[in-house]
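This report walks through one model. Begin with the sequence and the coordinates.

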Amino acid sequence: MGTQMIHNKNGQINIVLNENKVTNIDPVKNQENISKDPFAHIDQELSSFVGMDNLKRKIKEIYATIIINEKRSQMGLTNTKQVLHMLFKGNPGTGKTTVARKLAKLYFDMNLLSKGHFIEAERADLVGEYIGQTAQKTRALVQKALGGILFIDEAYSLARGGERDFGKEAIDTLVKHMEDNGDDFVLILAGYPFEMERFLTLNPGLKSRFPFILEFPDYDVDQLLEIARQMASEREYQLSKEAEWKLRNFLYKQQKLANINFSNARFIRNVIEHSIRMQAVRLLYKDNISPDELILLTGNDLKLEDINSIW
Ligand SMILES: Nc1ncnc2c1ncn2[C@@H]1O[C@H](COP(=O)(O)OP(=O)(O)O)[C@@H](O)[C@H]1O
Ligand SMILES: [Mg+2]
């Protein structure tokens with residue numbers, strides 16, 4: 001007997017603890033889908049993320065805990081429910097939103113969430129203008145998110161105005177729902193590291209409700225270059241040697257300057273998308289364009305000096 005993840009026709013995955021229970025499965029397809037590595041599906045889903053080793057480890061821990069808990073309860077042992085609410089701390093462009101979105105899918109695949117949808121919200125979506133409106137707005141948002149993930153960006157802004165601010169009401173309402181609907185609802189609060197720390201200090205009761213606090217560190221130059229290559233290749237483009245060299249130099253300079261406006265992987269995405277447009281303009285002047293030319297982004301296509309239009 002082993003733990004397996006079986007893909008059904010909807011692309012949904014059932015976690016199967018006892019293989020004897022599995023019936024009506026096409027053996028060939030089954031062979032393809034069953035992997036000896038219990039973490040293969042997680043690895044596959046997270047493979048497009050450069051770095052993020054800590055995150056990948058945490059997700060595997062959660063998955064393992066859930067499966068083992070399931071086995072424990074089958075054998076009559078105490079089964080401690082795993083709470084999945086999370087705090088994400090990181091600068092802009094470090095992948096917080098992208099990861100949260102991916103988690104919604106993964107948790108659905110793991111049968112932890114019934115719908116696996118993703119709702120992104122910010123202060124204005126929760127906080128109202130008059131008394132009573134905030135609780136109502138927040139409740140409605142949580143209702144919409146049930147079965148999925150509610151992701152609140154720049155969550156520290158809920159604590160902006162202190163005790164008398166309606167943000168406090170939003171936090172209290174969220175906390176209440178975290179307890180009431182904890183089984184089929186994941187709340188993720190995200191924001192800049194320093195502000196999120198302060199937010200927790202101002203709301204001391206919160207920390208214990210978020211068993212997972214994940215840090216999203218800034219990327220180093222090699223990781224950013226890897227992300228650039230990946231983003232280009234996803235779009236069927238390729239950076240020329242010169243373009244890579246130019247980008248690497250620029251990134252080293254930003255790192256030296258410790259530029260606080262630098263937006264990590266989002267900057268890289270903007271660079272790639274901008275240079276794709278620059279390449280298009282350049283090629284439009286040419287006759288007989290070869291496939292290689294359509295793919296290659298050259299050093300000249302990367303207008304890094306025109307930085308304000310990229311950021
Ligand atoms: N580790 C990574 N590997 C590949 N792409 C990444 C990674 N982190 C972020 N990105 C990309 O960078 C962009 C910005 O990420 P995002 O999730 O919006 O950051 P944040 O929410 O922290 O501001 C997105 O296009 C995302 O796909
Ligand atoms: Mg974001």
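A residue counts as buried if 20 or more other C-beta atoms lie within 10 Å of its own, as exposed if 12 or fewer do, and as partly exposed in between, with C-beta atoms placed from the backbone.

## Basis

The model is predicted: local features need pLDDT of at least 70, side-chain atom pairs count only at pLDDT 80 or more, and totals for chains, interfaces and linings use all residues. Residues are numbered from 1 along each chain as its sequence is written, while chains are lettered from A and ligands numbered from 1 in the order in which they are written.

## Overall fold

The protein has 13 helices and nine strands. These are DSSP runs, numbered from the N terminus: helices are H or I with at least four residues, strands are E with at least two. Of the 311 residues, 27% are buried.

Two residues are in contact if their C-beta atoms, placed from the backbone, lie within 7 Å. Take the contacts between residues at least 6 apart in sequence: 72% of them join residues at least 24 apart.

## Around ligand 1

The shell around ligand 1 holds 18 residues; Gly95, Lys96, Thr97, Thr98 and Ala265 come nearest. A residue is near a molecule if its C-beta atom, placed from the backbone, lies within 6 Å of it. Helices H4 (96-109), H9 (221-234) and H11 (264-284) each supply at least two shell residues. Domain 1 (82-216) and domain 2 (221-310) each give at least three; the bounds come from an automatic or database domain assignment.

By class, the shell has seven nonpolar, eight polar and three charged residues. Ala, Val, Leu, Ile, Met, Phe, Trp, Tyr, Cys and Pro count as nonpolar, Asp, Glu, Lys and Arg as charged, and the others, Gly among them, as polar.

Gly95 sits in the loop between strand E3 (86-90) and H4. Is Gly95 buried or exposed? Gly95 is buried, because 21 other C-beta atoms lie within 10 Å. Beyond neighbours within four places in sequence, Gly95 contacts Phe49, Met52, Phe216 and Ala265. Asp218 is 123 residues away along the chain, yet the two C-alpha atoms are separated by 9.6 Å.

Met52 lies in the loop between helix H2 (40-46) and helix H3 (53-74). Its phi is positive, near 60°, in a residue other than glycine. Met52 is partly exposed, with 19 other C-beta atoms within 10 Å.

## Helix H9

H9 has 14 residues and reaches 20 Å between its end C-alpha atoms, close to the 20 Å expected at 1.5 Å a residue. The expected span is 1.5 Å times one less than the number of residues. Leu224, Ile227, Ala228 and Ala232 are the buried residues of H9. They fall within an arc of 130° seen down the axis, so they line one face of the helix. The arc is that of the directions from the helix axis to the C-beta atoms.

Strand E8 (238-239), helix H10 (241-257), H11 and strand E9 (296-297) are among the elements covering these buried residues. On the other side of H9, Asp222, Ser233 and Glu234 are exposed. Glu236 follows the helix, with a positive phi near 60°.

## Helix H6

The buried residues of H6 (residues 133-145) are Thr134, Lys137, Thr138, Val142 and Ala145. They cover an arc of only 135° around the axis, which puts them on the same side of H6. They pack against strand E4 (118-121), helix H5 (123-126), strand E5 (149-152) and helix H7 (166-180). Gln136, Ala140 and Gln143 are exposed on the face turned away.
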